[in-house]
Amino acid sequence: MSSTLADREGRRFRFRLWPTVMTGLGVALMIGLGTWQLERLAWKTELIRTAEAGLAAPPIDLPPGADLAALEFRHVAARGTYLHDAAIGLGLTAVGGEPGGRLVTPLRLDDGRVVLVDRGWLPEPLLPPRTPAALQPAGTVSIDGIARWRGNQTAGWMAPANEPEKRRWFSWDYPALRQALGLDLVPVELVLEHGDGTADLPKAQPVTIDLPNDHLGYAITWYGLAVVLLVIYIMSSLSKPEPLAP
């Protein structure tokens with residue numbers, strides 16, 4: 001099935017059923033994906049705005065209940081006792097060319113709950129179980145940390161295997177952490193922005209909002225591909241008329 005339509009230059013548009021159908025489906029799909037990315041853009045923008053507002057808000061106490069995911073990027077005040085014997089080294093990062101990781105120590109709150117506290121970076125030789133006593137605050141401590149929701153995180157497939165027997169972890173795996181430490185951990189980590197040890201160790205750093213927001217670029221890409229596909233379809237459907245036989 002075909003039909004023709006002449007343009008100003010004498011070229012004719014030849015309608016072809018299946019190329020038209022396939023092009024229409026492709027353009028519709030790309031426009032749909034671009035629109036979905038715009039919806040994701042609005043969602044991510046609001047998420048970042050909420051996170052920024054949380055970082056700017058005054059500290060709150062760690063509330064009871066299951067809706068702790070809403071605490072993401074909120075300042076949380078906590079009071080309790082560090083369980084240094086259950087501390088772990090997390091991740092693998094280098095500072096000044098020296099390898100190390102994050103010192104993460106469980107904190108037993110006054111109400112009995114246990115929450116993990118990221119106290120900052122330590123060089124590899126000082127990570128648990130070799131952390132010096134001078135870096136292990138005793139007694140009751142009061143902290144102000146940034147809440148990060150960890151309840152839905154498991155080991156990444158590209159990360160090195162965790163080594164619970166060595167108290168060395170390279171990725172979050174809350175179910176495995178709970179089992180290895182024998183603690184009913186609250187699924188929220190508190191990240192300290194200021195060190196609570198001696199001298200400059202552990203090295204705490206300000207928390208930044210690590211939520212990538214590239215959805216506008218993705219939307220433009222999908223819409224652009226839809227336009228390109230449509231142009232290719234039109235150009236491929238235009239042909240010059242054959243010269244008349246003498």
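Me: What makes Arg79 and Asp110 a salt bridge?

Reply: The closest N and O atoms of Arg79 and Asp110 are 3.1 Å apart. A salt bridge is a side-chain nitrogen of Lys or Arg within 4 Å of a carboxyl oxygen of Asp or Glu, so the pair qualifies. This is a predicted model: local features need pLDDT of at least 70, side-chain atom pairs pLDDT 80 or more, while totals for chains, interfaces and linings use all residues. Residues are numbered from 1 along each chain as its sequence is written, and side-chain values use heavy atoms, without hydrogens and water.

Me: Which parts does the Arg79 and Asp110 pair tie together?

Reply: Arg79 lies in strand E4, and Asp110 in the loop between strands E6 (98–109) and E7 (114–123), so the pair ties together parts 31 residues apart in sequence. Strands here are DSSP runs of at least two residues, numbered from the N terminus.

Me: Why is Asp110 called exposed?

Reply: Its relative accessibility is 55%. Exposed means over 50%, buried under 20%, partly exposed in between (1.4 Å probe, protein chains only). Therefore Asp110 counts as exposed. Arg79, at 47%, is partly exposed.

Me: What makes Glu72 and Arg148 a salt bridge?

Reply: The N to O distance is 3.0 Å. That is within 4 Å, so the pair meets the rule. Glu72 lies in the loop between strands E3 (60–61) and E4 (75–82), and Arg148 in strand E8 (residues 140–149).

Me: Is Arg148 buried or exposed, and why?

Reply: Arg148 has 10% relative accessibility, so it counts as buried. Glu72, at 23%, is partly exposed.

Note on methods. Helix = DSSP H or I, 4+ residues; strand = E, 2+ residues; numbered from the N terminus.
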